[in-house]
Amino acid sequence: MRDRLAALLRGSRRCGADSANTDKLRNDTYAPVLVFSDQGSTREGGVVWRGCSGGCDAEDGAAGALTDGNLNPGDKLEGSGAAPDDPVHLKRRVGLFSGVALIVGTMIGSGIFVAPSGLLEYTDSVGISFIIWMACGLLSLLGALAYAELGTMNTSSGAEYAYFMDAFGGPPAFLFSWVSTLVLKPSQMAIICLSFAKYAVEPFVAECEPPGALVKLVAVICIVMILAVNCYSVNLATNVQNIFTAAKLVAVLIIVCGGAYKLGLGNTRHLQEPNFASSKATLGNIAIAFYNGLWAYDGWNNLNYVTEEIKNPSKNLPLSIIIGIPLVTLCYALMNVSYLAVMSVSEMTSSEAVAVTFGNRVLGPLAWLMPLAVTISTFGSANGTLFVAGRLCFAASREGHLLDILSYVHVRRFTPAPGLIFHSLIAVAMVLYGTIDSLIEFFSFTAWIFYGGAMLALIVMRYTKPHAPRPYKVPVIIPYIVLLVSVYLVVGPVINKPQWEYLYATAFILTGLLVYVPFVKWSYSLPFMDKITVFLQMVLEVVPTSTTFEY
């Protein structure tokens with residue numbers, strides 16, 4: 001087994017450990033241990049931040065500040081890639097175009113094609129629903145700009161996990177990784193793949209609902225295909241994302257052009273009735289309508305999960321956000337106008353798939369393009385979701401908050417394969433067990449707890465780390481606004497319609513402390529885990545991103 005470990009280390013393309021050390025490993029002179037390198041990262045409170053160097057301001061914990069003279073002169077945040085003793089690491093392969101594609105591709109999923117009528121259902125007003133659509137886009141943009149400051153201040157992958165660790169310490173960061181790894185990201189993946197499967201199967205069945213078992217089978221196949229793409233190559237995964245994002249934007253263009261044609265014929269009667277006076281919107285209904293709208297916008301923070309793989313991050317991270325989110329907001333506004341040029345409010349709220357109904361009325365013999373558009377859109381969104389989910393698992397595991405194996409990287413392909421596989425297995429379990437509605441409710445409630453937490457982290461670090469380098473800085477009013485809105489989105493539905501599910505979600509979050517105390521704080525390790533870790537290393541051909549040897 002030691003021979004195999006030595007071979008893995010030698011086989012990695014960028015192995016910085018010298019061959020004498022691998023020979024000593026093979027000859028049992030050294031025992032392999034996992035350590036954090038002090039070169040290429042800064043240790044603060046026992047945690048090594050990969051996004052900063054040993055030259056960081058220790059007082060401020062200036063995660064993300066690099067002063068090493070050997071770094072890429074194009075961006076001081078980018079770094080040289082790996083510490084000198086890193087045999088493998090995640091490479092910077094995500095440029096501006098891929099960054100925009102990741103944001104747009106994960107935000108535009110099935111929601112705007114299938115159920116944009118959720119807002120109309122809870123407001124019963126075209127005017128108020130449009131206001132909420134635009135407000136959701138503005139809120140997403142403000143939140144993403146605040147995340148851009150956090151992401152350029154601390155370039156560690158993992159998004160909220162890294163920011164919670166920086167601002168609050170271990171327990172809140174662990175609770176986020178606990179909920180996100182076991183529930184949020186896998187449930188998001190399961191929801192998208194179930195939507196993909198429903199519309200992929202529908203054309204091949206008679207005039208009836210597709211069998212549930214068949215839909216779940218296709219959803220599982222979709223997850224396996226996306227897993228294979230992401231494990232094989234980062235470049236392949238980003239190329240797939242780019243292609244599918246371009247394809248879904250073509251589908252959006254078809255709907256917008258069809259709506260413009262109908263508006264040109266004078267079909268404006270549904271847009272001329274904003275129905276503000278007759279609206280049934282209450283504070284609780286508006287909060288639920290926001291949930292529906294924000295579900296369609298979700299993904300605005302996904303680029304922060306892969307900051308270690310972004311080229312020139314201080315420039316490309318905020319620029320991707322500034323381009324991507326307004327583009328999505330514009331697409332959503334034009335698509336809603338197009339739908340209302342063809343359908344009435346009652347027709348939209350009663351339709352199970354608004355885009356399909358639109359295609360049947362406008363495209364004629366080409367109506368099959370709309371179900372195809374939904375499948376393309378959901379596949380691309382699922383690909384982006386898994387791409388970022390694996391990085392969260394990788395970041396949390398690397399800091400000792402999850403199983404060690406989940407932070408390992410393939411020796412030749414430089415992909416976080418164990419983290420990707422782990423997320424996919426949980427998503428498959430959710431596909432086989434859950435329903436879309438129950439998954440969305442849980443996702444929306446818990447997600448905004450952590451989005452608000454990230455805004456609080458930014459505010460806290462403005463005071464606790466005032467001198468930390470911030471290549472991109474937002475007005476402080478922005479995180480306060482997003483924090484207040486997130487509190488409303490969490491509390492509003494609970495007050496309006498209390499349900500046991502909200503209590504279950506809160507209890508599940510707090511249950512993470514029962515795992516944190518013994519396994520993280522007290523560092524208790526199950527005796528058989530080392531053997532399992534080494535076995536999985538052999539099977540998956542993965543190694544830690546920072547490896548050294550001790551006598």
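**Close-up 1. Cysteines without a disulfide.** This predicted model holds zero disulfides, a disulfide being a pair of cysteine sulfur atoms within 2.5 Å. The sulfur of C193 has its closest cysteine sulfur in C222, and at 3.7 Å that is too far for a bond. C193 is buried, with a relative accessible area of 0%; buried means under 20% relative accessible area, using a 1.4 Å probe and protein chains only. C231 is buried as well, at 16%.

Some notes for reading every view: local features need pLDDT of at least 70, side-chain atom pairs count only at pLDDT 80 or more, and totals for chains, interfaces and linings use all residues. Residues are numbered from 1 along each chain as its sequence is written, and side-chain values use heavy atoms, with hydrogens and water left out.

Close-up 2. Look for N242 in helix α10, residues 234-264; helices are DSSP runs (H or I, at least four residues) numbered from the N terminus. N242 counts as buried because its relative accessibility is 13%. Leaving aside residues up to four places away in sequence, N242 touches F97, S98 and A101, where contact means heavy atoms within 4.5 Å.

**Close-up 3. Helix α15.** This helix covers residues 369-398, and its 30 residues reach 44 Å from first C-alpha to last, close to the 44 Å expected at 1.5 Å a residue. That expected span is 1.5 Å times one less than the number of residues. Helix α15 is mostly covered, with 27 of its 30 residues buried. After α15 comes G400, whose phi is positive, near 85 degrees.

Definitions and conventions:
Helices (H or I, at least four residues) and strands (E, at least two) are DSSP runs, numbered from the N terminus. Buried means under 20% relative accessible area, exposed over 50%, partly exposed in between (1.4 Å probe, protein chains only).
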